[in-house]
Amino acid sequence: MEGEVVKDKTKRIYHNETTRACHVLMELRNAGELCDAEILVGNTSFPIHRVILSSSSTYFRVLFTNERFQSNRQKVIIPNVSVNTMNSILEFAYTQECSINCNNVEDLLVAADYFNMIRLLQCCCEFLATGLTAENCIGIRRLAQIYSCRELQLAAHSYILQNFSIVYRRSDEFQRLNIDDICEIISSDNLNVKSEEIVFDGIVDWISYDPNNRKHYFNRLLQKVRFELTSACFIEQVQRYCCACGEDFTNNLFHIPVTFSPMEAVDISHVSLPTARIPNQILFVIGGWSGGSPTGIIETYDIRADRWIECPSVNSELGNRAFHACCTLGYLIYVIGGYDGRCHLNNVCCFDPVKMIWLESAPMHNKRCHVSVAIIGLQIYALGGFNGQTELKSAERYNHPSNQWTLIQDMNYQRSDAGATALNDILYICGGFSGQQYLNCAEFYSPKTNQWTLIAPMNNIRCGLSIIAYCDFIYALGGFSGVTRVTSAERYDPSVNKWQSIETMSIPRSNFAATILDDKVFVIGGVADENSIYNVEFYDIVTEKWHNVSHMNIHRRALSACVLEGLPNTYQYIAHRHQSENSGKQFAINKGQ
């Protein structure tokens with residue numbers, strides 16, 4: 001043990017001394033002392049030490065080990081580099097540090113490539129990768145292609161795919177992409193679009209930029225649109241557009257000559273259709289009460305294929321659990337509290353879906369069944385619940401870096417089976433059961449003041465409800481009124497402290513899960529008419545309408561749900577992408593919408 005400490009200390013001293021030596025050499029260069037060569041950029045001279053530049057750049061190493069540089073001092077003229085860029089190059093060569101910003105990063109990257117300074121090139125790429133936007137991603141992708149920066153190119157390309165619907169509208173450079181780049185983007189399975197209509201709009205937008213020179217590409221581009229995933233109404237709109245442009249829509253859709261009318265049935269059993277694209281977000285549903293007891297089954301929802309997938313390989317270590325809550329931090333899913341059929345729980349399970357392993361996490365101070373959970377920053381808040389004897393008004397906060405729970409100020413009411421969420425760094429909790437009555441009251445918590453404050457009560461009593469924050473509003477959905485389960489939903493506007501009713505759900509439900517997926521409010525499972533259900537529907541914020549989607553594989557109530565975005569191993573949690581008889585069936589379903 002003692003030897004290990006000495007070893008670590010020696011490393012630290014070595015690092016510090018090396019850093020200090022680099023800065024001393026930089027001071028010598030700035031003073032022109034012990035220099036043995038000179039770099040000229042325009043009218044500016046930079047005295048340098050050949051050995052320092054040779055150690056940082058193979059370009060300079062080859063240059064300075066040439067026979068012509070055997071004298072004590074030689075001048076080297078460097079063309080096509082600015083004075084500021086050269087100064088940064090030398091600073092990095094001497095200290096392995098330099099200032100990289102939006103104004104100089106492109107010049108530095110070009111110079112680093114020219115002088116073959118690999119580490120500086122990597123630093124420039126890392127800087128650009130962290131600053132990708134809808135406006136600059138295409139230009140950065142092109143820059144990465146030119147200078148063979150593979151990782152940066154992949155990062156920029158991935159950004160374009162994941163944000164296509166924003167990129168094609170905001171980026172001026174999208175209009176200037178060549179036909180091969182456009183085809184590569186819109187044909188990708190990883191293109192993150194809510195509907196194929198967006199792909200078609202992007203095609204029309206690109207062609208409209210230069211119609212005389214691009215119109216002949218229409219056939220090639222339209223073949224990349226996956227029409228079997230669209231509605232008959234949209235297909236009819238595309239057909240009209242094609243007719244106006246003098247194009248044969250049928251050939252573009254099926255790649256074979258067939259007679260097609262959106263109002264008629266079409267035999268497509270012999271047609272090879274493309275598969276659904278890969279979703280960027282994965283919905284996880286965890287545990288719940290099913291078949292008269294808690295379950296540990298985990299399912300994921302593939303929104304592009306509209307299918308639920310059971311994940312048997314990750315269920316075992318969770319155990320059976322219901323009346324719990326879950327949330328995400330980064331790529332980690334925390335499953336908090338609940339009831340396992342015998343005990344009310346205070347333990348916390350943490351699942352890493354990338355490594356597909358369960359991790360240990362600190363338990364809460366209190367047992368909490370029917371617990372409400374929300375997140376602010378890197379902190380998880382567990383609120384209220386039932387400990388097996390009484391409903392709780394206590395609340396506690398989990399700090400992820402320290403893996404510790406800390407009690408915070410009690411709520412104004414005892415609550416179990418309530419709903420909680422966070423909006424603008426404020427916690428909200430609504431409804432629930434106090435142990436004596438069902439509630440419609442609501443309150444918020446400010447971490448800055450450690451105080452709870454009552455807000456306007458909901459229009460309806462709700463226990464076993466779900467609360468979702470989205471677009472500056474708080475949505476309260478479903479629940480038990482004390483008499484019956486309800487379909488009603490309402491929305492709270494914090495700016496005016498008022499609740500407003502919204503479109504009702506298609507079926508009454510309580511003790512269900514809710515989350516935001518693809519900018520839609522999904523409600524999952526629950527209990528209706530005393531029976532657990534597997535029904536799933538979503539609320540479209542834009543149209544203010546509810547729509548049904550595929551059912552889960554099992555009926556369950558008292559479940560929890562969360563969404564993860566950008567998983568590197570998404571393929572392990574989605575439906576298999578292969579041609580099957582379901583492709584034709586899906587098209588027939590969409591035709592009838």
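In this predicted model, E197, F200 and V204 of helix α11 meet F234, V238 and Y241 of helix α14, where contact means heavy atoms within 4.5 Å. By class, this contact has five nonpolar residues, no polar residues and one charged residue. Ala, Val, Leu, Ile, Met, Phe, Trp, Tyr, Cys and Pro count as nonpolar, Asp, Glu, Lys and Arg as charged, and the others, including Gly, as polar.

The axes of α11 and α14 come within 11 Å and cross at roughly 15°. That makes α11 roughly parallel to α14 (angles under 35 degrees count as such). The crossing is left-handed.

An open sheet is formed by four strands in the order β6-β5-β4-β29, with antiparallel pairing; two strands pair if DSSP finds at least two bridges between them. β6 and β29 stand at the edges with a single partner strand each, so one side of each has no neighbour in the sheet. From one strand to the next, the twist averages 30°. Strands β4 and β5 pair in the antiparallel sense over seven bridges, and V285 stands opposite E299 in β5.

| Strand | Residues |
|---|---|
| β4 | residues 281–290 |
| β5 | residues 293–302 |
| β6 | residues 307–310 |
| β29 | residues 560–565 |

Residues are numbered from 1 along each chain as its sequence is written, and side-chain values use heavy atoms, leaving out hydrogens and water. Because the model is predicted, local features need pLDDT of at least 70 and side-chain atom pairs count only at pLDDT 80 or more, while totals for chains, interfaces and linings use all residues.

Technical notes: Axes are lines fitted to C-alpha atoms, for helices over the stretch in contact, and angles run from 0 to 180 degrees between N-to-C directions. Helices (H or I, at least four residues) and strands (E, at least two) are DSSP runs, numbered from the N terminus. Angles under 35 degrees count as roughly parallel, over 145 as roughly antiparallel, 65 to 115 as roughly perpendicular and the rest as oblique. A crossing is left-handed if the near helix is turned anticlockwise from the far one by less than a right angle, and right-handed if clockwise.
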